Amino acid sequence: MVVFPGFLIAIFGNLIIVVETNKLDFEEIEMDKDKFFQQSTLIICSNLEIEEAMLELVRFMKPLMPVSQMYLQYFDQEYNAMRTIAFADATSCKKLDLLTHLKGKSKEMAGSGPPDMDAFLVSDPKNFPVAREMGDFHGIHATSVIVLALKSKDTVLGYLVLISEEEKGFEESNLEYVR
């Protein structure tokens, strides 16, 4: 498989398949957890610019769950702060380099990550320290948040954060797609 921004090229013997990824109609895909994982992986791998891949991923996920925004972040030990490196919503994306200095419980939670969970749902972001501080910093009015810990073995490398600003936010059933 060869990847060019906006295109996915697969070569099978003498057969060459070229797909323009921004022309894919994801709303017609019947979705189970395995199919969701396959399609998400194709979207992420189809673009070398992570923020553009995140844009396509938000567009893909939108018909399946109330995702409004997506952030890629990691806890920067040197600065004791959360570093946001990419953002996407359904219409735009951007590479970022923003540091959010966290206090007390938030810093402790973000620095260690969830020890026994790869993904979790925050149903009330205003009462969850990290979600509250990050939301205030970015001006986000989230109704719920899904956090995916990006790990290598037992080490948390970063977080993919899905934000819902919809009145009816994420539910446990949405979380099942990303576990």
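Helix α4 is followed by G139, whose phi is positive, near 70°. The structure is a predicted model, in which local features need pLDDT of at least 70 and side-chain atom pairs count only at pLDDT 80 or more, while totals for chains, interfaces and linings use all residues. Residues are numbered from 1 along each chain as its sequence is written, and side-chain values use heavy atoms, with hydrogens and water left out. Helices (H or I, at least four residues) and strands (E, at least two) are DSSP runs, numbered from the N terminus.

Helix α4 (residues 129–138) is mostly covered, with seven of its 10 residues buried; buried means under 20% relative accessible area, exposed over 50%, and partly exposed in between (1.4 Å probe, protein chains only). The buried residues are P129, V130, A131, E133, M134, G135 and H138. They pack against β4, β5, β6 (93–101), α3 (104–112) and β7 (119–122), where contact means heavy atoms within 4.5 Å.

A positive phi also occurs at N80, near 50°, in a residue other than glycine. Most residues other than glycine have a negative phi.

| Residue | Place | Relative accessible area |

Leaving aside neighbours within four places in sequence, S164 is in contact with P66, S68, A142, T143, S144, G169 and F170.

**Packing of α1 and α2**

The axes of α1 (residues 33–45) and α2 (residues 50–61) come within 8 Å and cross at roughly 150°. These axes are lines fitted to C-alpha atoms over the stretch in contact, and angles run from 0 to 180 degrees between N-to-C directions. The angle therefore makes α1 roughly antiparallel to α2, a term for angles over 145 degrees. On the α1 side the contact is made by F36, Q39, S40, I43 and I44, and on the α2 side by A53, E56, L57, F60 and M61.

**Nonpolar cores**

A nonpolar core is a set of buried Ala, Val, Leu, Ile, Met, Phe, Trp, Tyr and Cys residues joined through side-chain atoms within 4.5 Å. In the largest core, of 24 residues, M61, M70, I146, L162 and V178 touch the most other members. Two or more residues come from each of α1, α2, β4, β5, β7, β8 (144–152), β9 and α5 (172–178), and α2 gives the most, with six residues. Apart from this core lies another, of 20 residues, among them M82, F87, F120 and V161.

Terms used: Angles under 35 degrees count as roughly parallel, over 145 as roughly antiparallel, 65 to 115 as roughly perpendicular and the rest as oblique.
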